[in-house]
Amino acid sequence: MANIDIEARKQELLKEGYTEVYTKTKVLTDAVMHYCPGCGHGTTHRLIAEVIDEMGIQDKTVGVSPVGCSVLAYNYFDVDFQEAAHGRAPAVATAVKRLNPECYVFTYQGDGDLAAIGTAETIHAANRGENITMIFVNNGIYGMTGGQMAPTTLVGMRSATTPYGRRVDLNGYPLRMTELLATLPGTYYVTRQSVQNPGAVRKAKAAIRKAFENQKLGKGLSFVEILSNCNSGWKMTPVAANKWMEDNMMPNYPVGDIKVDGKIAEGIDVNRLVLDHPLTVMQ
Amino acid sequence: MARELKLMKGNEAIAQAMIASGTDGYFGYPITPQSEVMETLMAEKPWETTGMVVLQAESEVSSINMVYGGAATGKKVATSSSSPGISLMQEGLTYLAGAEIPCVIVNVMRGGPGLGTIQPSQSDYFQSVKGGGHGDYQLYTLAPASVQEMYDFVFDAWDIAFKYRNPVLILSDGAIGQCMEKLYTRDNIARWTEEERRKNAPWGTFGKPADRGHNIITSLELESARQEVFNHKLQAKYAEMKEKEVRFETINCEDADYIFVAYGSSSRIAMKAMQMAREKGIKVGLFRLITLFPFPTKQLAEVAKRVKGILCVEMSAGQMIEDVKLATECNVKTEHFGRFGGIIPTPTEVLEALENKIIK
Amino acid sequence: MTEEIIIAGFGGQGVLSMGKILAYSGVMQNKEVSWMPSYGPEMRGGTANVSVIISDERISSPIINQFDTAIILNQQSLDKFEASVKPGGLLIYDPNGITHEPTRKDINIYKIAATAKAQELGISKVFNMVVLGGFLKLKPIVDKQYIHEGLEHSLPQRHWNLIPQNEEAIEIGKGLIEAVQTL
C-alpha cells in the first residue's frame, strides 16, 4: 500500500493558497485505509484515535483488532496493537488489561466477530466486568468475506447466504448483543451510536470518550456499538446506504445510551428491548 | 518458597514452578487429570505475594487467547490443560507460533479420541510435534518423566520460549500429573521488572513510548512473497533448535543389545522393564527422549548403530515410532509396544513385548 | 531396600491418605518414594487404590503391577489384587465384608479387624491408621519419629491436634494384626 508523504503534500497545498481547516490526529498513521468509501469504519477509527490523542494516552493504549473488515486496524492506529483470532478479542484484551492494568485497552470488532463466533468471549468478558472498552461495529452483514448473513442481519434482509431474505424459521432472529450485555452486572456503560451524519458523529465521539474515561474508574466494561452502513455489501451507494440504515437498521437497533454509570438509562426498558421489541420485517 | 524437600503431585509441581519461576500470568479451564494446577495456584494466591495473575477462563479457547493477549505484552504467561482441552486450543497455538509469542503450555495427556477417558495416555504425540493446528510451525516440546522434571522444565521452558520467541509445550500425562514424588523446590525468581520486560521483550505491546514506532503482534500477511520469507525465518529458527536444544538421556546403552525408546511415564515403565531384563541377563538399555521437538535424531541414530533391535514404548497406537524409524532410517529392527485409551502398560508386559517382538 | 505396596479399598476409607502419610514418612527418613493413585469416578464412593514405593534407590516406575505388600480393605480389591502379590510377598486384609478368603498358598497372609476395632473404640476417622499400624508391625520400613513428621506434613496445621490420636491408632493396629498363613 503506497504511503503518501502527508506533511510534504500539506506544505505544497498551503503554498498554493489553501487554508488548513482540519488536521488528522497523530494517533492515526499515514497508511491509506483499505475501507470502502462511505463505510463507517474510517470515521469510527478517527473518533477513537482523536479520543486517545485528546486524553493523552497514546503511550498507554493497546488495541486488539478482530478478523473481519477491520483485521488490519493495527496499520491505521499509531498505538501498540494485537491482531486476535476470530472472535477472541475480548479474551485477548482481558489478559492485556489484567497483566497491564495501567494500560488503556480496547477491542475493535464487527458483528460476525463479536456476536457470532466470539459470543462466549464477549459475554464472559462483560460478565467478569473487565475494565476494557469494546467497540462493536454493526453493519448487519459479513463485509470482508463478501456479504454473507451476520447474527445482526435483519429479518427479510438479503445477503449472499440468504438470497431470498433472512427467514426466522430458517435462520433465527437478529441478535441484539448490546441490549443483552446491558443486563449483565459486569457492564458499566452500554450504548449504541451511529456515524452517518455530523450530529451522530459528535454523539458517537462523546460515547467513545466516556468508554475510555471509564477505564480509570475500574467499575466494569464499557461497550459502544456503532451502527454502520456496508454500502458495497448492501450493494448501494453510500448515500442510499445511510438512508437505508436509518429506515431499516435503526428501528431494530435504536440509537442511544442503554446503560450509564452502571444503571439502565432513563426511559430504557431493557425487558422490552430484549424480549418484546417488535422486529421489523423488511419487504 | 526457598529450596525445600517436598512430597508433591506433578500437577502441583507445575503450579509451584510457575510461581517460583516468576510467571506473570496463568489462564486456565478445569479438566481432569490436570485440575490441580489451577486449584493449587488459586490456593496459593500468588497475586498477594509475587503479583502473578491467575484467572479461570470460560473455555480453553478463551484461556489460550488470554495467553496470547498477555504474552504479547512481553510477560511470562502460561496455561495448562489435558488432551480434549488442548485440541480446543490448537487455533490459539498456531496463532501464537505465527505471531512468535513466547509462552508455556502444559498438556497432561489423557486417553482419546473424543471425550475418551480421564486416564493417562500419550496419544497426543502427533498433535504436539507434527503440528496440531494449521501451517508450518513447531512447538518446542519437553516431556517430563518425574515430578521433579515437571517442576524444573517450567524454568527451562521460559528460557527457551524467550530465547526463540516461540511457544513451549510441556507434554506430560495423567500418570506424572497425579503421581506424588519427592521434589526439591528452588528459590523464587522474581517476576521481571518493567525494565527487564522492556529489555527481554522489546517487541511487546504494552504502550508505545515516544521513541519507537508502534509494536504490532499479528500473524497476518496478505502478500504471499512476504509470508514465504517469514516462513523461511520460522524454519531457520526450528533448525537452530534442532542444532542446539536437543535433550535426551541414555541409561545402560553402552553395552546394550536392545534398547527401549520412550518418553514421559512410559520411560519410567521401560526403565523398570530394563532392570527386570538385566536381572534375566538380557542386555537392555533405555534411550529417553526429553525433547520431542527437536527430536534427538542424530543421537538416536548413533546409539541404534550398536544394537540389534529397538522397542518403542508409548501409550498410543504407535506415533513416536515414526520419528524413531526416520532417525535410524529403518536400519535396525524397530517395533512399537503400547497400551492406549487410558491403560498403562506394566513393566512385565513391556519386557514380554521385547522378548516376543524383537528378540525372537 | 525397596518396598512396593498397593493399598486398596473403598473411596472414603482413607486409602489415599494412608498412602500419603506412609510416603511422606519415607521422605522424612530420606528414602526415595512414589505415590501413584487410581483417579477418576471411582474416587467418589467406588473403589480406590494407591501404589506406594519406598526405596533406598532411585525409583524406576511409579506404575507397577506386582507388589511386595497388598493392603486390602474390601472384597473387590481382594479379588483384583490377590494375584498381584509377588510370590513370598505379604497380603494384609480387613475381614470386614470379606466373603471369599484369600486362597494363595505362596504368600504370607495376615488379617487385621480394624473396622470392627475402630467402631468399638469410636475412632472410625483414624481407621486407616490402625491398618497402617498393622503393616508397620510386620514391616517397620519407616521409624516412628518419621511417621510423626509424615503426619505433620500430610495434615493441615489446623488438624495437628489430631496427631496423637493417629499415633495411638497406629499402636492399636500393631497389637491387632494376626497371622493367617505364614511361609
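This section describes the chain contacts, domain arrangement and fold of a predicted model.

Two pairs of chains are in contact, and of these chains A and B share the most contacts. Chain A and chain C do not touch, with their nearest C-alpha atoms 29 Å apart.

Chain B contains 14 helices and 15 strands. Its C-alpha trace spans about 70 × 50 × 35 Å along the principal axes. The radius of gyration of chain B is 21 Å, which agrees with the value near 21 Å that a compact globule of 360 residues would have. Of the 360 residues in chain B, 58% are buried. Among the contacts in chain B with a separation of 6 or more, 79% are accounted for by residues 24 or more positions apart.

Chain B is divided into two domains, with domain 1 covering residues 5–196 and domain 2 covering residues 248–359. The C-alpha centres of domain 1 and domain 2 of chain B lie 27 Å apart. The contact between them takes 25 residues from domain 1 of chain B and 21 residues from domain 2 of chain B. On the domain 1 side, the elements that give two or more residues are α6 (125–129), β6 (140–142), β7 (167–173) and α8 of chain B. The largest share of this side comes from α6(B), which supplies four residues. By residue class, the side of domain 1 of chain B that touches domain 2 of chain B consists of 13 nonpolar, ten polar and two charged residues.

The largest nonpolar core holds 242 residues, of which V104(B), I259(B) and F260(B) touch the most other members. At least three residues of this core come from each of domain 1 (5–196) and domain 2 (248–359) of chain B. The surroundings of F260(B) can be given in detail. When its neighbours within four places in sequence are left aside, F260(B) is in contact with A270(B), A273(B) and M274(B), and also with V284(B), L286(B), L311(B) and V313(B).

Chains A and B are joined by strand pairing. An open sheet of nine strands runs in the order β10(A)-β9(A)-β7(A)-β8(A)-β4(A)-β3(A)-β1(A)-β2(A)-β9(B), with mixed pairing. Its edge strands are β10 (263–264) of chain A and β9 (216–217) of chain B, each of which pairs on one side only. Strand β2 (residues 80–83) of chain A pairs with β9(B) in the parallel sense over two bridges. In this pairing, F81(A) stands opposite I216(B) of β9(B).

The contact between chains B and C involves 21 residues of chain B and 19 residues of chain C. On the chain B side, two or more residues are given by each of β1 (5–9), α8 (174–178), β8 (180–184), α11 (264–279) and α14 (347–359) of chain B. The element that gives the most to this side is α11(B), with six residues. Eleven residues of the side of chain B that touches chain C are nonpolar, six are polar and four are charged. Strand pairing also occurs between these chains: β8(B) and strand β2 (residues 32–37) of chain C pair in the antiparallel sense over two bridges. Here E181(B) stands opposite S34(C) in β2(C). The helix α8 of chain B is listed both among the elements on the side that touches chain C and among those on the side of domain 1 that touches domain 2.

Chain C has six helices and seven strands. Along the sequence these follow the pattern β-α-β-β-β-α-β-β-α-α-α-α-β. The C-alpha trace of chain C spans about 45 × 40 × 35 Å along its principal axes. Buried residues amount to 47% of the 183 residues of chain C. Of the contacts in chain C with a separation of 6 or more, 62% are between residues 24 or more positions apart.

How values were computed. Residues are numbered from 1 along each chain as its sequence is written. Chains are lettered from A and ligands numbered from 1 in the order in which they are written. This is a predicted model: local features need pLDDT of at least 70, side-chain atom pairs count only at pLDDT 80 or more; totals for chains, interfaces and linings use all residues. Two residues are in contact if their C-beta atoms, placed from the backbone, lie within 7 Å. Ala, Val, Leu, Ile, Met, Phe, Trp, Tyr, Cys and Pro count as nonpolar, Asp, Glu, Lys and Arg as charged, and the others, Gly among them, as polar. Two strands pair if DSSP finds at least two bridges between them. A nonpolar core is a set of buried Ala, Val, Leu, Ile, Met, Phe, Trp, Tyr and Cys residues joined through C-beta atoms within 7 Å. A residue is buried if 20 or more other C-beta atoms lie within 10 Å of its own, exposed if 12 or fewer, and partly exposed in between; C-beta atoms are placed from the backbone. Domain bounds come from an automatic or database domain assignment. The radius of gyration is taken over C-alpha atoms; the globule rule is 2.2 Å times the number of residues to the power 0.38.
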